[in-house]
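This report describes a sheet and the helices around it. Please look at the sequence and the model first.

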Amino acid sequence: MSALKCPTEGCNGLLTQRDIKTNIWCCTESECSRTAVGAAVDNLLSYFMGGLDAISAESGNVRERIIGYEEFLETARPYLHENHYACVIAKRFLSQIYDESSPAEAEKLAAVCRQLLAVFDVLDPGLSQTRALATVRLTEARLMLGDINQEELSEVMEFVCRSDYIIFIYPIFGVIKSAIYAF
Ligand SMILES: [Zn+2]
């Protein structure tokens with residue numbers, strides 16, 4: 001969640017904090033000797049977190065925010081692991097604002113929700129509001145794309161009903177419910 005990509009050319013390793021006391025970051029590849037001091041890592045993270053704040057503060061409408069978060073992920077790609085928390089935050093925003101009724105955005109919505117759910121599988125297994133929201137948004141996208149069968153829909157219903165957070169997602173939950181009856 002906090003790993004950076006190693007900037008050494010040709011290295012596919014990650015820079016992780018090796019020692020909390022000295023705050024030295026080292027590459028995970030044993031043959032790579034790349035290190036970074038904590039202050040440099042902090043600067044990079046301030047830059048990216050500032051970029052995220054600017055998108056939500058300055059973007060006037062949903063379309064601008066979508067472009068902003070997509071560009072943010074592009075900019076971050078060479079530097080941050082795809083599951084870095086800054087990228088996860090951007091993906092969570094995108095999962096909320098992509099328009100599932102547009103086929104092109106439904107594709108992107110499905111991809112971003114699958115990436116988020118893979119992260120939650122590791123970090124936050126079980127029922128949670130974030131997981132329920134990502135599951136419902138993925139289901140909406142799959143309905144738009146015609147990429148879900150009745151059995152899978154029933155599984156989603158069952159999962160969402162077991163979630164304590166159903167109250168928060170009730171409006172979109174209705175869409176899934178009517179889709180089940182439409183089969
Ligand atoms: Zn390296």
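The model is predicted. The account begins with helix α2, whose buried residues are covered by elements that include α1 and α3 (85–97). Those buried residues are Tyr-69, Phe-72 and Ala-76. Viewed down the axis of α2, the buried residues fall within an arc of 55 degrees, so they line one face of the helix. Arg-63, Glu-64, Ile-67 and Glu-74 lie on the other side of α2 and are exposed.

| Residues of α2 | State |
|---|---|
| Tyr-69, Phe-72, Ala-76 | buried |
| Arg-63, Glu-64, Ile-67, Glu-74 | exposed |

Helix α2 spans residues 62–76, which makes 15 residues. From its first C-alpha to its last, α2 reaches 21 Å, close to the 21 Å expected at 1.5 Å a residue.

The sheet comes next. It is open and has 4 strands in the order β1-β2-β3-β4, with antiparallel pairing. Strands β1 (4–5) and β4 (35–37) stand at the edges and have a single partner strand each, so one side of each is left without a neighbour in the sheet. Strand β1 runs antiparallel to β2 (residues 14–19), and 2 bridges join them. Lys-5 has Leu-14 in β2 as its bridge partner.

Helix α1 (residues 38–58) packs on this sheet and touches β1, β3 (24–27) and β4. The direction of α1 makes about 80 degrees with that of β4. Helix α1 is also among the elements that cover the buried residues of α2.

Notes. Residues are numbered from 1 along each chain as its sequence is written. This is a predicted model: local features need pLDDT of at least 70, side-chain atom pairs count only at pLDDT 80 or more; totals for chains, interfaces and linings use all residues. Two strands pair if DSSP finds at least two bridges between them. Two residues are in contact if their C-beta atoms, placed from the backbone, lie within 7 Å. Axes are lines fitted to C-alpha atoms, for helices over the stretch in contact, and angles run from 0 to 180 degrees between N-to-C directions. The expected span of a helix is 1.5 Å times one less than its number of residues. A residue is buried if 20 or more other C-beta atoms lie within 10 Å of its own, exposed if 12 or fewer, and partly exposed in between; C-beta atoms are placed from the backbone. The arc is that of the directions from the helix axis to the C-beta atoms.
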